[in-house]
2 protein chains.
Amino acid sequence: MAFNNRLIFRVTAMIVLLLAGAMVPAMIVSLLYGERDTALAFLGAILPTAAVSLPFVAYLKPASPTIHIRDGFLIVALSWIIGSLCGALPFLISGAIPGFADAFFESASGFTTTGASILTNVEILPRGILFWRSFTHWLGGMGILIFAIALFPSLKLGSFLIAKAEAPGPSLDKLTPKLSDSAKLLYFVYTGMTIAQVLLLMLGGLDLFDALIHTFGTVATGGFSSYNASVAHFDSLYVEMVIVVFMILAGTNFNLYFLLLRRNLKGFLADREWRTYMAVIVFSFVAITFILNYFEVTAGIGESMRYSIFQTVTILTTTGYATADFALWPTACMVILLVLMFIGGCSGSTSGGMKSIRFLVLFKLIKRGIKKRLHPSAVVPVKLGGKNLASDRVSNIASFIFTYLLLFVLGTLVVSLEGTDLVTAISASAACLGNIGPGLGEVGPVLNYGFFSAPTKLFLSMLMIAGRLELFTILLLFTRTFWNPDR
Amino acid sequence: MAFNNRLIFRVTAMIVLLLAGAMVPAMIVSLLYGERDTALAFLGAILPTAAVSLPFVAYLKPASPTIHIRDGFLIVALSWIIGSLCGALPFLISGAIPGFADAFFESASGFTTTGASILTNVEILPRGILFWRSFTHWLGGMGILIFAIALFPSLKLGSFLIAKAEAPGPSLDKLTPKLSDSAKLLYFVYTGMTIAQVLLLMLGGLDLFDALIHTFGTVATGGFSSYNASVAHFDSLYVEMVIVVFMILAGTNFNLYFLLLRRNLKGFLADREWRTYMAVIVFSFVAITFILNYFEVTAGIGESMRYSIFQTVTILTTTGYATADFALWPTACMVILLVLMFIGGCSGSTSGGMKSIRFLVLFKLIKRGIKKRLHPSAVVPVKLGGKNLASDRVSNIASFIFTYLLLFVLGTLVVSLEGTDLVTAISASAACLGNIGPGLGEVGPVLNYGFFSAPTKLFLSMLMIAGRLELFTILLLFTRTFWNPDR
């Protein structure tokens, strides 16, 4: 069974063309701010990528419309890797980020909505570059391929398979009969959310540019800022609360918004995963507030609450904005934040991590284990919302969690070979795999990933992409069966 | 359904009586070394415990011989908690360890074969106390109840259930038709191993006392030493290699030795868990040797190999002896050692941790997950040694691992509330739950657990017992269904 090479080639070319088009707004931003050199750099990135990809998109017709699951995985993996390569071009050509590994890391961190940076000072960057950096968040938030599906309904063959390989991102199958309509509907919600946040931030005194940058970072749960101090720069409770609310919204399963559009508030509130997600927020908020107060880190309970809610939500939703240097907080707070890094937001949201639904099933499995000890021969199913979960699905979830932990350990080991301390190694791995961004120790919220060697940066970039595509899409590339299924 | 209170009471009293008897050899050691005060302290511990327990053992007859699974769990949990209390008496009465939390911690650490200590200087302790401390390892290694079953064949009622609640420890059911015979057979192997190591250590120049202390610590995978520098004190490659070999033997499933007794070497070598266990040793040995050499920690490849094999085996088998301060090693070594803490030795051995068999199943589940991605609707069973594992058993193992990780996180959080650094919190929790002993940071191999507050010490003691009894026996005590199954 061979790959459908022509189709794979054509879809990948289409993604490249799309990204060339997506650089145009960034070029316009450069021109508006009078950054001629930067605008030329964008042109230098747009022209060759468009020139190379356009002929394939226009003239390469797939011999067969058949697309197998392996083709889907390869398309998605290639799109994200080649997409990150294209995204790095403006950084390289403009000279904003001269090294290849650095530029690829920053671009992959953007598209995967991680928000980890190798830059020590973002405030000296041209506006156009800052815009592009944050715009990659927005593009990656919904999934690059869903973007393509929304724009090119002709891509109907096997798109469903592709969307499945590009988990997370909302599951399109349940929304409308036509896949491209579903993708459009998603972008409708996503764009609405974006506009709403931009307006609310501008009401708080931000100019349009800052509002856009921080909205892209929020609704995509990315975390890139145009200021070195991140959101702490604004020192505004209002701005922080707007961002907190939109981070929570962005970490919610987007399919639930269709329930709201159909005025089904009850269905929304009954969602088990969403309830788990909110419970984790409330629990962590209370615990961190208590610990900050107990160790007298802050000036009072009000300040504790303000820092606590922001940091809880920014880490759980895997956004990564900072209003405080939590790498200096009491260890107990770090333990909670590290656990939140693994949990992540809801499935079908723009967030990363393992996702709340899996965390919920993990607890159900623990509960089941305790029951089984008292009643060894009883049949004890894992229930979710009153329904039994198929044992096959439970196994898949357990398998996902173990794979996640294995990649986390592998990442920790690779980073530790740089000679960092253990906290840095652990948190860098967790923060990249979970698409959070800042970690603890030497990769804390006021620091960056710039000091790592090029191979480590490339490895962490792949870890970000693996985390974003829910592991298997990238892992499969390293298995023999994927390339030789018949052997 | 009520508990069989009389039976529970009688068996617990029997354990107390047994421990009173087990203190006699320690008292004799005190007398031999002319430690009159210590000998009197032992007498002060023996007399009241024997006096209180003897009447119940002699005259309390259970109304019903029926024992349910809940009774079994309660008997085991009580035996270990009350056993640790009794074991603490000599420390308290002799004044060697004056505080209650400290004495309980040291005793629980002994019985659970953890080997974590609150003592800063063990070399000033009386010989009798040092002997008792290490003898608790030897008693706990095989399981306190298996000891009772071997000594009192009359305990036949439901002993099987008790043995199941007291996992690990070899599964008795497969060895001989009669349970007490199986228990005796196990003690035959265990004692033989003990004698062999004592003789080999004496050949290396150790006196009988030192040989006994370090043999108890080795065959029970405990780790208490009579020297502050642990095994590094001897500075002898021969002694280290003897201990390495016996640690590997103690971390092996004892049931496999019966295959050897029946001259079935092939069956021994074919055991999947043992092969995983050995593969982990070889892999970690090679990796740590490489890293130590790469970071130039040691004087040469020979020294790297010597430190590497000892530390790999001492941590994987959850013994905890030290020949080097690995808390100062490169971070990459610490990452590997931390992972080994979680894996542990074989099931049915005296070691702790999650056990190699579960680690193997974890990998099989990951492999299954990858296959399922390519063939979503295929039935992909988890295979072990050519046979399919029942999905129920796979779920139980996944549930165990998740419970283990949850307790680890909980332990880390509790320790971190002491204000320690993150590495200390993580490693203290992992080292107590996995019954290893030394961790990293402030609880590294040349340091101790003395600086923690009393509540944290008691919590860590319970964590050690929970880890030793494979979690659920202790966890069940905190569930409502355990106490009120009919509600």
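Predicted model: local features only at pLDDT ≥ 70, side-chain atom pairs only at ≥ 80, totals over all residues.
To see how the copies are arranged, superpose chain A on chain B: a rotation of 180 degrees with 0.0 Å of shift along its axis does it, at an RMSD of 0.0 Å. The two copies are therefore related as by a two-fold rotation axis.

**The interface as a whole**

Keep both sides of the contact selected: there are 52 residues from chain A and 51 residues from chain B. Between them the chains bury about 4600 Å², and 77% of that area lies on carbon and sulfur atoms. Now highlight A:Arg373, A:Leu374 and A:Phe402, which supply 17% of the area that chain A buries against chain B, more than any other three residues.

**Polar links across the interface**

Next, show the side chains of A:Asp392 and B:Lys372. They meet in a salt bridge, with 2.6 Å from N to O. The count of salt bridges between chain A and chain B is 4, and 10 residue pairs are in polar contact, with both residues at pLDDT 80 or more.

Switch to a cartoon of chain A to find which helices face chain B. Which of them gives the largest share? Color α17(A): 15 residues of that side come from this helix. Coloring the side of chain A that touches chain B by class gives 33 nonpolar, 13 polar and 6 charged residues.

**Two stops in chain B**

Move on to B:Thr456, in helix α19 (residues 454-468) of chain B. Is this residue buried or exposed? B:Thr456 has a relative accessible area of 5%, under the 20% cut-off, so it counts as buried. Leaving aside residues up to four places away in sequence, B:Thr456 touches B:Val415 and B:Glu418. Show the side chains of B:Thr456 and B:Glu418 to see a polar contact between them at 2.4 Å.

For the last stop, select B:Leu54 in helix α2 (residues 36-59) of chain B. With a relative accessibility of 46%, B:Leu54 counts as partly exposed, because that class lies between the 20% and 50% cut-offs.

Methods. Residues numbered from 1 in each chain as written. Chains lettered and ligands numbered in written order. Heavy atoms only, no water. Contact = heavy atoms within 4.5 Å. Buried area = accessible area lost by both parts, 1.4 Å probe. Polar contact = N/O pair within 3.5 Å; in protein donor to acceptor, adjacent residues only side chain to side chain. Helix = DSSP H or I, 4+ residues; strand = E, 2+ residues; numbered from the N terminus. Nonpolar A, V, L, I, M, F, W, Y, C, P; charged D, E, K, R; others polar. Buried < 20%, exposed > 50% of the residue type's maximum accessible area, 1.4 Å probe, protein only. Least-squares fit on C-alpha atoms with pLDDT ≥ 70 in both.
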